[in-house]
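Welcome! Please take a look at the chain below, and then we will walk through it together.

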Amino acid sequence: MSGSSSVAAMKKVVQQLQLEAGLKCVKVSQAAADLKQFCLQNTQHDPLLTGASSSTNPFRPQKVCSFL
């Protein structure tokens, strides 16, 4: 590794550490409770739980057209 690429790599590391240092820390138990609450509040909008309508489902099977 050359000197200039080493300096560039270290600058990226420093930027990442500065970004991480500025993040607000939350206890895992609190984050899990918040996530659970969010999921429960948004269950009516979750197509995995409620099912997607066939008109808006982008993964519906394609219609086959064949010529006889």
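Which element of the chain has the lowest mean pLDDT, and which the highest?

## Confidence in the model

Helix 3 (residues 47-50) has the lowest mean pLDDT, at 80, while helix 2 (residues 28-41) has the highest, at 95. The term pLDDT stands for the predictor's confidence in each residue, on a scale from 0 to 100. Averaged over the chain, pLDDT is 86, and 97% of the residues score at least 70.

This is a predicted model, in which local features need pLDDT of at least 70 and side-chain atom pairs count only at pLDDT 80 or more, while totals for chains, interfaces and linings use all residues. Residues are numbered from 1 along each chain as its sequence is written, and side-chain values use heavy atoms, leaving out hydrogens and water.

## Helices and overall shape

The chain has three helices and zero strands, giving the pattern α-α-α along the sequence. Helices (H or I, at least four residues) and strands (E, at least two) are DSSP runs, numbered from the N terminus.

How far does the C-alpha trace reach along its principal axes? The trace spans about 70 × 45 × 15 Å. The radius of gyration of the chain is 24 Å, whereas a compact globule of 68 residues would have one near 11 Å. That radius is taken over C-alpha atoms, and the globule rule is 2.2 Å times the number of residues to the power 0.38.

## Surface

Of the 68 residues in the chain, 0% are buried. Here buried means under 20% relative accessible area, exposed over 50%, and partly exposed in between (1.4 Å probe, protein chains only). The accessible surface of the chain is about 6800 Å², and carbon and sulfur atoms account for 64% of that. Such areas come from the Shrake-Rupley method with a 1.4 Å probe; for residues, only the protein chains shown count as cover.

Helix 1 (residues 3-21) is where you will find L17. Together with M10 and V13, L17 makes a nonpolar surface patch of about 280 Å².

Now look at D34, which sits in helix 2. D34 counts as partly exposed because its relative accessibility is 38%. Between D34 and M10 there are 24 residues of separation in sequence and 35 Å in space, C-alpha to C-alpha.

## Cysteines

A disulfide is a covalent bond between the sulfur atoms of two cysteines. With a disulfide taken as a pair of cysteine sulfur atoms within 2.5 Å, the count is zero.

Is C25 buried or exposed? C25 counts as exposed because its relative accessibility is 75%. C39, at 42% relative accessibility, counts as partly exposed.

Technical notes
Patch = residues over 30% accessible without salt bridge, like charges linked within 9 Å, V, L, I, M, F, W, Y side chains within 5 Å. Salt bridge = Lys/Arg side-chain N within 4 Å of Asp/Glu carboxyl O.
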